[in-house]
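Hello,

Here is the structure I promised to send over.

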Amino acid sequence: MEIRRYKKSDCKEMAELFYNTVHSVNSADYSKDQLDAWATGSVNLEKWNKEYNESYTLVAVENNVITGFGNIYSSGYLDMLYVHKDYQHRGIASEICSRLENHYNVDKITVHASITAKPFFEKRGYGVLNEQTVIRNGINIVNYVMLLKK
């Protein structure tokens, strides 16, 4: 597995990975309506590319397939961390997350973790600040604001 910096040509495949992962990996914790609101299958690639370029974004690749990605902002906000549905439980998220956490010299890292991702972040030492409900396309989606003090 190679972990490298994001490049614009990755964006479309990352958007597909995001959709497929949300709709399969998160399906045990969220309803179909919630999954559809969270990952619609239609993203603004220019906007996503801009956000990935404004943050520190890493991509995991194996056999020319993007197997995972994540990004963090200089503020310490860890925005996205997703692993391909067919590459779960292989240490990809842990490796990407470690590199993201260590990239910026910040005192704390925050993440808005899904119900599914909450145990992953708790094992890494993150604590829950609060549960929140986000409204996407008129649908309520629960997640957790979590904090890692460094």
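Leaving aside neighbours within four places in sequence, Met14 is in contact (heavy atoms within 4.5 Å) with Tyr6, Trp48, Tyr52, Thr57, Val59, Ile66 and Phe69. Met14 sits in helix α1, residues 11-25; helices here are DSSP runs of H or I with at least four residues, strands are runs of E with at least two, and both are numbered from the N terminus. With a relative accessible area of 0%, Met14 is buried. Buried means under 20% relative accessible area, exposed means over 50%, and partly exposed is in between, using a 1.4 Å probe and protein chains only. Gly70 is 56 residues from Met14 along the chain, and their C-alpha atoms are separated by 9.9 Å.

Before you read further, please keep in mind that this is a predicted model: local features need pLDDT of at least 70, side-chain atom pairs count only at pLDDT 80 or more, and totals for chains, interfaces and linings use all residues. Residues are numbered from 1 along each chain as its sequence is written, and side-chain values use heavy atoms, with hydrogens and water left out.

Now for the chain as a whole. It has five helices and seven strands, arranged along the sequence as β-α-α-α-β-β-β-α-β-α-β-β. The radius of gyration, taken over C-alpha atoms, is compared with a globule rule of 2.2 Å times the number of residues to the power 0.38. For 150 residues a compact globule would come out near 15 Å, and the chain agrees, with 15 Å. Its C-alpha atoms fill a box of roughly 35 × 35 × 30 Å along the principal axes. Buried residues make up 43% of the 150 residues. Of the contacts with a separation of 6 or more, 63% are between residues 24 or more positions apart.

Not counting residues up to four places away in sequence, Glu101 touches Ile109, Arg124, Tyr126, Leu148 and Lys150.

Finally, the loops. Gly91 lies between β4 (77-83) and α4 and is partly exposed, at 36% relative accessibility. Two asparagines have positive phi values: Asn64 is near 65° and Asn137 is near 50°. Most residues other than glycine have a negative phi. Asn64 is in the loop between β2 (56-62) and β3 (65-72) and is exposed, at 74%. Asn137 is in the loop between β6 (127-136) and β7 (139-149) and is also exposed, at 62% relative accessibility.

Best wishes
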